[in-house]
Every structure is written in C-alpha cells, then in structure tokens.
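Visitor: I would like to learn how to read some features of a structure, one at a time. Where do we begin?

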Amino acid sequence: QATVTRRFQGGGTMLVAYTNAKLLSNTDTLTSWLEGPTGGVGGVQDWNNLAGERSLSSQDVSQRLVISYVLDLPFGRGKKFLSGMSGFANGAVSGWGIDGITTFQRGFPLKLTYSGSTPLEAANLGVGSIRPDVVPGCGRTGPRTLNQWFNTSCFTAPLDWGAGTESRVDPVLRGPGINNFDFAVFKRTNISERMGVEFRTEFFNLFNHPYFSMPATGFGAAGFGVINSTVQGGVASPERLIQFALKFIF
C-alpha cells in the first residue's frame, strides 16, 4: 500500500492511495449470495483434496487506486488571481472550489464451472462443483467485448471420471473493473464574520460509466463468456446522479 498527501498553499488537499494485493485461499464463504459484486465464489471441486483447491480468492482485488481532493480556486481578494477585486465583484469570483473522488479498481477474478453432469459428479464421492478443462497453451484473455469477454475456445468438457483442470478461481481472467468519477463544485459566500452560505453542485458517476456484471461462467450453457447485464449482486448500475445543496453556516 502507498499513500501520498499533498497540501496546497492556497488551500486544499489531495490524497492518492494505491493498493496492490494478492489474496489466496483454498475455499470461500458458504454464503455466496453475500458476495454479489464478486460474481459469486469459487466452488470446491474435490473435498478430498483441499490442497488442490488453492487459488486466488474470489474476493481478490489486485489493484485499486483512489484519488480524493478538495481545492479552493485561487480567485478573489488575497488570492493569486483577481486579487484586486472588491465589493460585489469580489463576492462573485471568490469562494469557489472543487472536490471529488476518483476510483479505479481491477475486476474480481472469474469462477468457471461446468454446467453439464459427469458420472464422477453423480457418484457422490466427495466431489462438489465440477469445472471445465483448460486447453494447454491457449491464451484465455481477450477479446474483452460484451459478446465475448474472454477466449471461450480455451475450455473443454472434463473427462467423465476426471476432475476439470481449471482452477477454483481463474488466475488470469477477471470481470469488469471500476472506473468512477465523483465531482463537486461549491461556492462559499460570507455574509458576516459569523454567518455564511455554501452552495454545492455534486455529480456522482460524472461520466455515466456503466458497471457491467460478470460474464456468464458456466461452460456448456448458453451465453458462456457473454456480459448481458449492468446489475451486480442484485443492484443495478448507478447512472449519473446530479444533486444540489444549500447550506447555511452560523
């Protein structure tokens, strides 16, 4: 983890926080419905060999960058620009500022399953969720479109009496990440030494970026590798939201 803080002489602060992480486990929570944004959890394939289930955790977030800032704009009396203003003109150009939070985050790793059934699975020999086989040497990433998020030809059905070679959580493939900008513009006006007014305009998801859901990860089922929703964990993708606020300070 790394954090950098910058305080500006004219008023304002910027905070940059970066996290690079890797979370490994051999199982995940049984209450997978609580992990909606992750696309569920990686199911155990062989309860008799938990060492073989070791992989990335379903909740692994490898990279996350958050930039937050509050900045008073340098306009008006005593500021860098238009410092000679006074009276009504100074009241109009001074007291402006901006603030916001920008977030970038890699997506959660994918958890692939085999939607068909095998005799091994039906034999009830401690086998859980069968996974597909991985084609050796095949490049799984790409083309990263909504109609084909990853290379679906890199996976095949497992042998009837064999476990799939796909990891519990895929080490390479990830779902869509976060690319979000929250931004605000505010204006402070001093009425007297003890009273003032602040007007704010706030933009949540400023550029209206959709949050796409995980692609379909059931090999053998229709739509394998396709993203067809902007709903994550039962929550719809937040559209751009604009709100206004007026605050009286005394």
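Guide: We begin with pockets: a pocket is an open set of grid points with protein on both sides within 12 Å along at least five of seven lines. The model here is predicted.

Visitor: How much space lies in the second largest pocket?

Guide: The second largest pocket holds about 160 Å³ of space.

Visitor: Which residues of its lining lie nearest the centre of the second largest pocket?

Guide: The lining is made up of 13 residues, and those nearest the centre are Arg106, Arg144, Val172, Arg174 and Gly175. By class, the lining divides into five nonpolar, five polar and three charged residues.

Visitor: What joins Gly142 and Pro143?

Guide: The bond between Gly142 and Pro143 is a cis peptide bond, with omega about 0 degrees. Pro143 belongs to strand 9, the strand that gives the lining of the second largest pocket its largest share.

Visitor: Next, disulfides. How many does a search of the whole structure find?

Guide: For this feature the cut-off is a pair of cysteine sulfur atoms within 2.5 Å. The search of the whole structure finds one disulfide. Cys138 and Cys154 form it, with their sulfur atoms 1.9 Å apart. This pair links distant parts of the chain, 16 residues apart: Cys138 sits in the loop between strand 8 (133–134) and strand 9, and Cys154 in the loop between strand 10 and strand 11 (155–156).

Visitor: Why is the disulfide of Cys138 and Cys154 given a handedness, and which one is it?

Guide: The torsion about the S-S bond is about -70 degrees, so the disulfide of Cys138 and Cys154 is left-handed.

Visitor: Is Cys154 buried or exposed?

Guide: Buried means under 20% relative accessible area, and exposed means over 50%. Cys154 has a relative accessible area of 0%, so Cys154 is buried. Cys138 has 25% and is therefore partly exposed.

Visitor: Let us turn to the core. What is the general idea?

Guide: In soluble globular proteins, nonpolar side chains tend to be buried together. In this model the largest nonpolar core has 17 residues, and Leu110, Leu112, Phe150, Phe155 and Phe224 touch the most other members.

Visitor: With which residues is Leu112 in contact, leaving aside its neighbours within four places in sequence?

Guide: Leu112 is in contact with Arg131, Pro132, Phe150, Phe155, Glu166, Thr217 and Phe224. Among these, Phe150, Phe155 and Phe224 were also named as core members.

Visitor: Now backbone angles. Which phi value does Asn205 have?

Guide: Asn205 is not a glycine, yet its phi is positive, about 55 degrees. Asn205 lies in the loop between strand 13 (196–204) and strand 14 (218–219). Its relative accessibility is 3%, so Asn205 counts as buried.

Visitor: What is the phi of Asn208, and where is Asn208 placed?

Guide: Asn208, also not a glycine, has a positive phi of about 55 degrees. Asn208 is in the loop between strand 13 and strand 14. With a relative accessible area of 37%, Asn208 is partly exposed.

Visitor: How far apart in space are Gly177 and Thr113?

Guide: Gly177 and Thr113 are 64 residues apart in sequence and 21 Å apart, C-alpha to C-alpha. Gly177 lies in the loop between strand 11 and strand 12 (178–190). Leaving aside neighbours within four places in sequence, Gly177 is in contact with Gln105, Arg106 and Gly107.

Notes. Residues numbered from 1 in each chain as written. Predicted model: local features only at pLDDT ≥ 70, side-chain atom pairs only at ≥ 80, totals over all residues. Heavy atoms only, no water. 1 Å grid on protein atoms, 1.4 Å probe; cavity = no way out; pocket = protein on both sides within 12 Å on 5 of 7 lines; lining within 4 Å. Points joined across faces, edges and corners; volume = space filled by probe spheres on them. Helix = DSSP H or I, 4+ residues; strand = E, 2+ residues; numbered from the N terminus. Nonpolar A, V, L, I, M, F, W, Y, C, P; charged D, E, K, R; others polar. Core = buried A, V, L, I, M, F, W, Y, C linked by side-chain atoms within 4.5 Å. Buried < 20%, exposed > 50% of the residue type's maximum accessible area, 1.4 Å probe, protein only. Contact = heavy atoms within 4.5 Å.
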